[in-house]
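Trainee: I'd like to learn how to read helix packing and sheets in a model. Can you walk me through one?

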Amino acid sequence: MSTSSADNAICRMDAVTLAKRIRSKELSATEVTEAVLRRMDVLEPYLHAFCTPTPEVARAAAKAVDAQIAKGEPIGPLAGVPIGIKDLVATKGIKTVMGSKLYEEFIPDEDDIVVERLKAAGAVIIGKTNVPEFGYSGVGHNPVFETTRNPWNLAMTSGGSSAGSGASVATGVAPFAIGSDGGGSVRIPSAHCGLYGIKASMGRVALYPGCRDERYPGVSSWETLEHIGPMSRTVADSALMLSVIAGPDPRDRYSIPAADFDYLEAAQPSSLKGLRIAYSEDWGYAAVDPEVRRVVSEAVAVFEKELGCHVERANPGWRSDAGATFWTLVAADTDLTGMRKLIAGREHEISPHLVDLVMKPWTGADFTDAHTQRKAICNTMWRFMSNYDLLITPTLAVPPFPVHMQGPEIIEGRMGRNADWLCFTFPANLTGQPAASIPAGFTKDGLPVGLQIIGRHLDDRTVLRASAAFEQARPWAQHWPALLDQLGL
């Protein structure tokens with residue numbers, strides 16, 4: 001086997017397999033790390049997935065894992081497995097720019113809780129993945145770094161705000177990556193890149209310093225909405241990561257006690273017979289691209305005809321202006337005073353949509369009204385979910401669209417706001433329910449489409465079960481972007 005074919009075999013392995021082979025000494029951590037770093041070097045000129053690669057950090061971590069194994073010392077469940085860390089997630093000693101010139105040279109003095117846990121489990125950090133500025137949009141361009149591209153079509157966005165995480169995992173630079181999700185930012189790039197991504201219930205994965213550290217305006221935003229979660233090529237890989245990063249921490253006042261189920265066990269395919277599923281194609285009001293409707297409806301039929309679920313078309317029934325409620329709550333979670341001071345005189349360096357949100361003359365009534373509307377949405381949802389085990393929707397209203405847009409203005413022939421394509425993702429952030437995006441299929445143009453599975457309050461287990469059952473019925477991990485063949489990868 002040549003070096004390149006050996007590299008390709010490693011880079012196409014899932015995390016579960018890599019962890020087993022490193023533990024059994026079939027592969028060394030160094031061997032795996034060098035393979036993915038070589039792949040990164042080849043792909044970065046096309047994808048721009050990594051804003052801050054960390055090859056020396058990775059090599060040192062891999063060497064430490066190999067030394068532990070050689071000495072017969074116990075190793076963690078992710079020992080030697082490469083991972084990308086979203087650039088909104090703090091990494092001690094590694095630049096965390098967050099796509100903003102305001103933090104262009106920022107190096108955190110502590111790791112995020114999830115990074116602490118990943119390091120303790122032996123994961124090898126290969127770099128920071130690109131994001132839009134402070135994560136305030138669902139795409140992958142910012143004022144500092146090159147724009148992240150979709151590996152299925154380089155003219156298209158990979159989605160965001162976990163843009164680089166999506167592009168990197170879809171091309172096998174790492175088997176999984178950390179994403180964060182304040183309004184869909186794990187699920188959006190997962191849908192656009194043909195990946196599995198899950199936002200566990202609010203509080204399952206503790207966050208700090210992200211959203212919590214008052215010293216850093218912008219970093220301290222999104223506290224009542226944000227989640228951190230895995231993006232991977234398989235359900236089992238996401239479950240493996242959750243088994244490491246989930247759990248409470250006193251630094252996060254929203255964190256909840258450890259789950260009463262095993263994540264890896266929940267991700268094993270099992271019978272869904274008799275499960276009650278609501279299918280909402282468009283919330284009853286949203287414009288949805290016809291190709292998305294087709295692909296998702298065909299995937300939903302698998303749950304009914306092959307997996308034995310009772311599927312009923314039904315809509316929760318909230319008002320169509322929930323997007324305005326969401327963005328008002330984002331503003332309420334933002335350190336407006338701190339951000340305005342940072343931005344003053346530098347408006348030309350900042351993303352226009354972020355300047356508009358921060359500088360808008362918000363009122364106390366705006367914020368209290370939004371909190372009241374959030375309560376109404378939450379109450380509507382729990383009442384609706386009392387009749388169903390799961391709610392299925394498209395993940396996004398559109399397939400991937402060209403880069404350097406915030407979103408399409410026309411969907412299904414209807415004019416709208418450029419955030420309307422995100423209408424399916426943010427409600428689960430308002431309610432805190434578990435939600436996953438699974439690959440549902442492809443458009444006629446060969447672009448990935450995601451299907452969203454939303455569970456009842458704290459019922460992450462059923463979301464994982466349903467994801468694994470669909471994966472078994474309609475496997476997706478064998479699909480790779482044509483770009484890899486074109487580059488000999």
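Mentor: Let's start with a helix pair: α5 and α8 are roughly perpendicular to each other, a label for angles of 65 to 115 degrees (under 35 is roughly parallel, over 145 roughly antiparallel, the rest oblique). Before we go on, this is a predicted model, where local features need pLDDT of at least 70, side-chain atom pairs count only at pLDDT 80 or more, and totals for chains, interfaces and linings use all residues. Residues are numbered from 1 along each chain as its sequence is written, and side-chain values use heavy atoms, with hydrogens and water left out.

Trainee: At what angle do the axes of α5 and α8 cross?

Mentor: In general, two packed helices are described by the angle between their axes and the distance between the axes. Here α5 (residues 113–120) and α8 (residues 235–245) cross at roughly 105°, and their axes come within 8 Å. Axes are lines fitted to C-alpha atoms, for helices over the stretch in contact, and angles run from 0 to 180 degrees between N-to-C directions. Helices (H or I, at least four residues) and strands (E, at least two) are DSSP runs, numbered from the N terminus.

Trainee: Which residues make the contact between α5 and α8?

Mentor: Val-114, Arg-117 and Leu-118 of α5 meet Met-241, Val-244 and Ile-245 of α8, with contact meaning heavy atoms within 4.5 Å. By class, that is 5 nonpolar, no polar and 1 charged residues. Ala, Val, Leu, Ile, Met, Phe, Trp, Tyr, Cys and Pro count as nonpolar, Asp, Glu, Lys and Arg as charged, and the others, Gly among them, as polar.

Trainee: And how do α11 and α14 pack?

Mentor: Helix α11 (residues 322–333) and helix α14 (residues 364–385) pack at about 125°, with axes 9 Å apart. That makes α11 oblique to α14. Their contact has 7 nonpolar, 4 polar and 2 charged residues.

Trainee: Now the sheet: what is its strand order?

Mentor: Strands of a sheet pair through backbone hydrogen bonds, either parallel or antiparallel. This open sheet has 11 strands, ordered β1-β3-β2-β4-β6-β5-β12-β13-β9-β7-β8, with mixed pairing; two strands pair if DSSP finds at least two bridges between them. β1 (50–53) and β8 (310–313) are the edges, each with a single partner strand, so one side of each has no neighbour in the sheet. From one strand to the next, the twist averages 25°.

Trainee: How many bridges join β7 to β9?

Mentor: There are 3, between β7 (residues 276–279) and β9 (residues 390–394), which run parallel. Ala-278 has Leu-391 in β9 as its bridge partner.
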